[in-house]
Amino acid sequence: MTEKTGNKSDPGPINLEDITCPTREQRANGITAFNGKASELVERSKAGGLRNCERDFQQNAGCILNFYLTVRVATIRDAVMIIHAPVGCSAPAALYREVYRRLYSAMNGPQDFDFHWLTTNIGEKDVIYGAADKLRFAIEEAGRRHSPEAIFILTSCASGIIGEDVEGVVGELKGKVKATLVPIHCEGIRSRVVQTGYDAFWHGILKYLVREPRKRQKDLVNVASMLSYTWQDKIEITRLLAKLGLRPNFIPEFATVEGFRSLSEAALTAPVCPTYTDYLSRGLEQEHGVPYFLYPSPIGIANTDEWLRTIGRMLGKEKEAEGAIREEKARWVPKMDQIRAGFEEVKKANGGDFRVMGSLGQGRLVTQTPFFHELGVSTPVALCQDFDDLLLEDVENLLERVGDFDIVVNTFQAAEVAHTARKYDPDMILSCPFQGSAYKREKGMTRIHALRGDGRKWSAQAGYAGAVACGSFLLQATRNRAFQNVMLEKTEDPYKDWWYRQPDPYFFHNKAAGGGS
Amino acid sequence: MTLTVIGGGPGGPKALEYPEISESPRFTCALGGAYGATLATFGAVPILHSGAGCGMANAHGMTYASGLNSGGAQGTTTTPCSGLIEEHVVFGGEDKLRRLIGSTIKLMKGDLYVVISGCVPALIGDDVDSVVAEFKGQAPVIHVRTSGFAGNSYLGYNMYLDAVIDGLLEPPKAVEKRLVNILGIVPNQHVFWKGELRAIKALLEKIGVRANTLFSDFGSIGTLKRIPEASLNLVLNPFCGLAAARKLEGRFGTPFLDLNFAPVGPKDTGAFLRAVGRRLKVPARKVEAVIKEEERDLYRHMEYLAEMFMISMPHAFTAFVGDSRTIIGLLRFGANELGINPVLAVVTDDPPEEVRGTISSLLTENLEGAIRPRVVYDYDAHRIRQALKEETLQVILASSLEKYIAKSENEAFHMSISYPVYDRLVVDRHYLGFRGGISLLEDMSLDFAGPL
């Protein structure tokens with residue numbers, strides 16, 4: 001039933017007897033360091049020749065708790081999130097009230113979005129005597145305050161190192177509190193690959209929350225959206241699925257606990273980001289027979305066509321899918337043609353080419369690169385957050401479609417990115433938000449995507465409407481570079497000049513200690 | 001850590017068992033506080049010896065929560081971090097740190113490198129001091145021995161100053177008669193810190209006093225090294241910064257003046273200049289002349305806004321929610337000069353027991369008008385929400401956590417004036433000094449269109 005479009009690489013069955021998932025390093029040879037041709041990356045990955053390495057110089061990157069389970073799990077509407085950690089680990093979640101409510105007020109969303117979370121605020125005494133009593137109290141207090149359907153317990157480096165028995169506390173309270181307790185093992189020290197955090201989250205969902213299906217909901221499609229997709233993307237995906245007579249079950253952002261419980265009843269799990277959805281998709285198929293596909297995501301016109309077509313094929317709705325594709329293309333392709341014509345103008349003025357360097361997750365690497373080519377821009381180099389076996393064949397297919405390109409794998413290593421940007425001197429760099437002084441790195445930086453709290457139409461990315469919105473956004477970014485130029489000229493670079501004069505962005509990779517590149 | 005909880009909530013007395021377990025507390029960890037202070041010291045490069053997510057958590061939960069700011073040139077993903085994982089927990093993180101400090105000095109521009117250690121090295125027992133000592137002679141490197149579980153970001157600010165005093169300062173050749181250090185304005189936790197430090201500096205200049213703000217100043221390491229040359233340390237906070245002031249008194253004999261808060265509006269600003277002037281023996285005549293001229297100018301301009309203010313929010317029943325020093329300044333200005341009625345003051349920075357009497361006095365005594373606010377010490381977003389619900393309120397000056405509940409649950413005007421502030425960009429803005437109140441009313445008027 002399941003179409004493993006692309007990947008045959010099999011990370012093996014998911015074991016829900018275990019308290020958590022394996023790391024991406026263990027499960028799929030995940031790495032966070034590579035510098036070379038994409039073809040070489042694929043070859044070496046296939047041969048099992050990729051290893052992680054120590055960097056002698058390393059920068060802030062996010063951990064498996066804070067990339068960004070804290071801000072995502074907090075949005076589950078009838079649940080409480082407990083961060084079993086010192087007070088700083090949950091600091092990013094401090095935006096849970098205003099940022100998301102602003103979005104919902106603007107988008108006429110559901111009204112019950114009063115989110116709640118707690119920190120156990122682990123202190124000095126707790127690291128000596130243990131904090132199990134506090135965790136127990138926090139769980140009871142969450143119940144007293146909010147009577148939630150579920151309580152998510154997220155662990156931290158500190159709770160892990162002091163050996164907190166979270167499962168013990170959960171077992172003890174099972175049946176005594178109304179809420180379903182869902183421990184998630186996202187101790188920051190577990191893994192270099194931030195994707196491990198998502199696998200850990202899905203493991204908890206599959207183990208504790210997803211129920212045996214009561215009935216099959218033939219029109220329900222699970223869509224796990226990643227944190228960089230917005231409310232507009234949900235509107236678009238909902239609209240497109242409706243054309244096939246289908247409904248989305250969006251998780252995790254703004255979902256209800258029932259949405260997680262009923263994941264098993266869906267007809268299909270469809271991807272928005274393959275690497276993010278992987279563990280959940282495989283787990284739902286293995287445990288409950290819900291089929292899935294991982295590629296492509298609905299990014300760009302061609303990928304959206306294929307996404308709809310695959311759903312249609314898998315659910316016996318080929319005719320509806322083809323009808324929808326025809327209708328949508330008649331509406332949107334002329335707009336894309338205009339954008340492409342706009343880029344042709346830009347290219348003419350720019351000596352014939354317009355080169356884009358995108359900072360991408362592994363999932364965006366395989367979905368966004370074809371979209372860039374739809375716009376008519378070229379991608380001589382891609383930055384990729386991490387890389388593992390799971391998408392190997394999709395990357396191979398990508399190489400067939402767009403040709404070989406250079407790839408730099410690192411998780412937000414700003415100095416390596418700055419070096420790469422200087423070396424390739426692309427016409428535009430697309431960077432994730434919050435990349436420090438990224439705007440200074442080169443002449444034409446803009447953001448590659450918005451974040452979930454941004455509900456504006458010009459921040460859309462998914463489906464046909466998103467392809468047009470995103471294309472316009474990028475074209476718009478070529479029209480005036482004054483801010484980037486002036487900041488580049490007037491602010492100081494944090495790195496010394498020698499850095500840019502030597503050729504190797506991986507200068508500080510400790511080749512002796514592991515040699516990833 | 002103790003709290004005076006008012007309102008109780010459905011949990012009843014049991015809710016006091018672990019009062020530190022709370023919804024969205026209004027600070028981050030000690031590592032965060034030290035990291036924020038380092039980023040605020042121009043020319044300093046922070047080096048986090050921690051898990052890979054500590055810096056990013058504090059980028060989103062501290063600098064961005066402080067008026068939507070990035071961390072500056074050395075912040076966010078630019079900050080060096082050892083990114084400790086399991087193998088370091090097993091084998092120790094010292095070698096990783098040694099390589100990171102060496103490479104940072106080689107790669108990043110800076111005149112002070114500040115190693116800030118977090119939970120992981122604290123729990124596995126890395127000897128960070130010894131590693132840092134190896135770099136003596138290569139570059140100025142100091143170590144702030146924090147951890148996430150040591151305490152909150154206010155403590156982290158103190159720990160940073162502690163490390164600066166121990167690692168960097170030497171007895172001064174001479175003391176400058178009218179140079180003061182400003183302590184107690186905490187980067188990020190006090191969301192208007194950049195504007196406030198400049199405002200205090202400009203204010204003191206008017207009476208011939210030079211202020212060393214430590215932060216947001218291009219003097220960088222020189223600014224820090226000049227700390228012992230001051231003839232007075234000025235603490236503008238009821239508790240935070242006092243430890244450093246006491247340590248500097250012990251180490252260099254510099255006396256300190258604890259004014260508890262920074263002044264908002266002409267009355268308290270005048271009192272502030274008189275207090276500092278008296279202490280530094282600035283001729284009273286000079287101080288009074290400055291005050292007279294500033295007041296004349298200010299009140300002439302107050303006439304422009306008086307109409308709008310009396311139409312939009314006269315005598316409003318008002319709640320103040322925020323860190324102690326910020327709300328003391330704003331509440332006193334509101335009650336003593338604007339004629340607003342302060343109903344509730346929620347102190348969110350977890351001040352130690354011994355200063356709570358002082359804070360409560362400053363929030364309830366020597367106020368104009370008939371109403372004295374109820375004072376609550378809490379940082380739990382849930383309990384604070386309950387406390388607000390218990391009052392009739394027309395204006396809520398608080399954090400952005402209260403933005404939507406102020407409207408839906410209190411039908412009150414809301415503006416963010418304390419951490420976290422995720423709903424307005426704050427760079428230059430501040431409400432201190434003679435004219436601070438004008439800025440405050442300008443900002444508060446955004447939500448109100450006139451009746452014409």
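This is a predicted model: local features need pLDDT of at least 70, side-chain atom pairs count only at pLDDT 80 or more; totals for chains, interfaces and linings use all residues.
Local features need pLDDT of at least 70 and side-chain atom pairs count only at pLDDT 80 or more, while totals for chains, interfaces and linings use all residues. Residues are numbered from 1 along each chain as its sequence is written, and chains are lettered from A in the order in which they are written.

Start with both chains. Here 65 residues of chain A are in contact with 69 residues of chain B (contact: C-beta atoms, placed from the backbone, within 7 Å). Next select α6 (132-146) of chain A, one of the elements that each supply at least two residues to this side; α6(A) gives the largest share, 6 residues. Helices are DSSP runs of H or I with at least four residues, strands are runs of E with at least two, and both are numbered from the N terminus.

Finish at α17 of chain B, residues 436-444, where B:Gly436, B:Gly437, B:Leu440 and B:Met444 are buried (20 or more other C-beta atoms within 10 Å of the residue's own, all placed from the backbone). Viewed down the axis of α17(B), the buried residues fall within an arc of 95°, so they line one face of the helix. The arc is that of the directions from the helix axis to the C-beta atoms.

Conventions. Two residues are in contact if their C-beta atoms, placed from the backbone, lie within 7 Å. A residue is buried if 20 or more other C-beta atoms lie within 10 Å of its own, exposed if 12 or fewer, and partly exposed in between; C-beta atoms are placed from the backbone.
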